[in-house]
Amino acid sequence: MKNIVDYAMEADHSLESSEFNAVDSLVLSKLAYLNFEGFISENSEGTSIPVREILDAPGADGLFRNVPDNKSNRKLLTAFANSTRFRDVKLAFYVNQIDAGSEKQFSAVTFLLPCDLTYVAFRGTDSSFVGWKEDFNMAFISPVPSQIEGVDYLDAVSDRIPGALMTGGHSKGGNIADYAAAQC
């Protein structure tokens with residue numbers, strides 16, 4: 001059975017020639033779980049880095065630190081960086097915050113696509129205690145700190161990029177994407 005790694009490897013059509021779709025969104029939302037710390041700066045003021053440079057950089061193994069399903073994520077990033085569809089994607093504005101005091105686990109990364117589209121991907125719950133505590137808080141607190149942070153992040157990124165903007169994420173990340181888009 002084929003999966004998103006197969007999709008990334010086999011996609012032989014560029015983002016310019018074939019419209020961005022739901023599977024593309026899934027791929028980017030999955031990659032938001034990687035640890036881009038040290039590769040992409042939150043305050044990069046428009047500086048972006050091609051995904052291929054990240055994959056080939058010294059210390060690239062750190063991308064997969066504390067990431068579930070390490071082997072699959074490695075395959076996905078390699079397929080992504082080498083595919084006709086995704087190889088020209090650049091990343092910018094990575095942020096990863098865990099704050100036990102405010103019970104916040106928030107992470108986002110911006111993908112600059114070659115088709116004049118920007119995709120902001122919000123990470124879902126990580127394996128931290130704080131992340132799970134915030135998930136439980138969502139049952140009775142609105143908004144939770146990550147939702148507020150998502151609005152601030154999306155406002156900041158949208159001021160720095162031209163063109164169309166989309167948001168997405170997996171699980172709590174999808175919730176943050178919807179909340180941020182509705183509030184901006």
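Select helix 6 (145-160) and helix 7 (172-183) to begin. The angle is about 55°, and the axes are 8 Å apart. Axes here are lines fitted to C-alpha atoms, for helices over the stretch in contact, with angles running from 0 to 180 degrees between N-to-C directions. Helices are DSSP runs of H or I with at least four residues, strands are runs of E with at least two, and both are numbered from the N terminus.

The model is predicted; local features need pLDDT of at least 70, side-chain atom pairs count only at pLDDT 80 or more, and totals for chains, interfaces and linings use all residues. Residues are numbered from 1 along each chain as its sequence is written, and side-chain values use heavy atoms, with hydrogens and water left out.

Stay on this helix pair and show side chains. On the helix 6 side, pick Ser146, Gln147, Ile148, Gly150, Val151 and Leu154; they meet Lys172, Asn175, Ile176, Tyr179, Ala180, Ala181 and Gln183 in helix 7. Contact means heavy atoms within 4.5 Å. By class, the residues of this contact divide into seven nonpolar, five polar and one charged. Nonpolar covers Ala, Val, Leu, Ile, Met, Phe, Trp, Tyr, Cys and Pro; charged covers Asp, Glu, Lys and Arg; the others, Gly among them, count as polar. The crossing of helix 6 with helix 7 is right-handed. A crossing is right-handed if the near helix is turned clockwise from the far one by less than a right angle, and left-handed if anticlockwise.

Next, select helix 2 (residues 22-31) and helix 4 (residues 70-82), which pack at an angle of about 125° with axes 11 Å apart. That angle makes helix 2 oblique to helix 4. Here the crossing is left-handed. Val27, Leu28, Lys30 and Leu31 in helix 2 meet Asn73, Leu76, Leu77 and Phe80 in helix 4. This contact has six nonpolar residues, one polar and one charged.

Keep helix 2 on screen and centre on Asp24, which is placed in that helix. Is Asp24 buried or exposed? Asp24 is buried, with a relative accessible area of 0%. Buried means under 20% relative accessible area, exposed over 50%, and partly exposed in between, computed with a 1.4 Å probe on protein chains only. Leaving aside neighbours within four places in sequence, Asp24 is in contact with Tyr7, Leu15, Glu19, Arg85 and Phe86.

Move along that list to Phe86, found in the loop between helix 4 and strand 2. Phe86 counts as buried at 0% relative accessibility. Beyond residues up to four places away in sequence, Phe86 touches Tyr7, Ala8, Leu15, Asp24, Val27, Val51 and Phe80.

From Phe86, jump to Pro143: the two are 57 residues apart in sequence and 34 Å apart in space, C-alpha to C-alpha. Pro143 sits in the loop between helix 5 (129-137) and helix 6. A cis peptide bond joins Ser142 and Pro143, with omega about -5°.

Two backbone torsions come next. Most residues other than glycine have a negative phi, and most peptide bonds are trans. Select Glu103, in the loop between strand 2 (90-99) and strand 3 (104-113); its phi is positive, near 55°. Glu103 is partly exposed at 25% relative accessibility. Then select Ser171, in the loop between strand 5 (164-169) and helix 7, where phi is also positive, near 60°.

Go to Ile49 in strand 1 (residues 49-50). At 16% relative accessibility, Ile49 counts as buried. Ile49 touches Phe39, Ile40, Ile54, Val89, Lys90 and Leu91, not counting residues up to four places away in sequence. Ile49 and Ala92 are 43 residues apart in sequence and 6.7 Å apart in space, C-alpha to C-alpha.

Finally, zoom out to the whole chain. The protein has seven helices and five strands, running α-α-β-α-α-β-β-β-α-α-β-α from the N terminus. The radius of gyration is 16 Å, close to the 16 Å that the globule rule gives for 184 residues, so the protein is as compact as a globular protein of that length. That radius is taken over C-alpha atoms, and the rule is 2.2 Å times the number of residues to the power 0.38. Buried residues make up 49% of the 184 residues.

Methods. Parallel < 35°, antiparallel > 145°, perpendicular 65-115°, else oblique.
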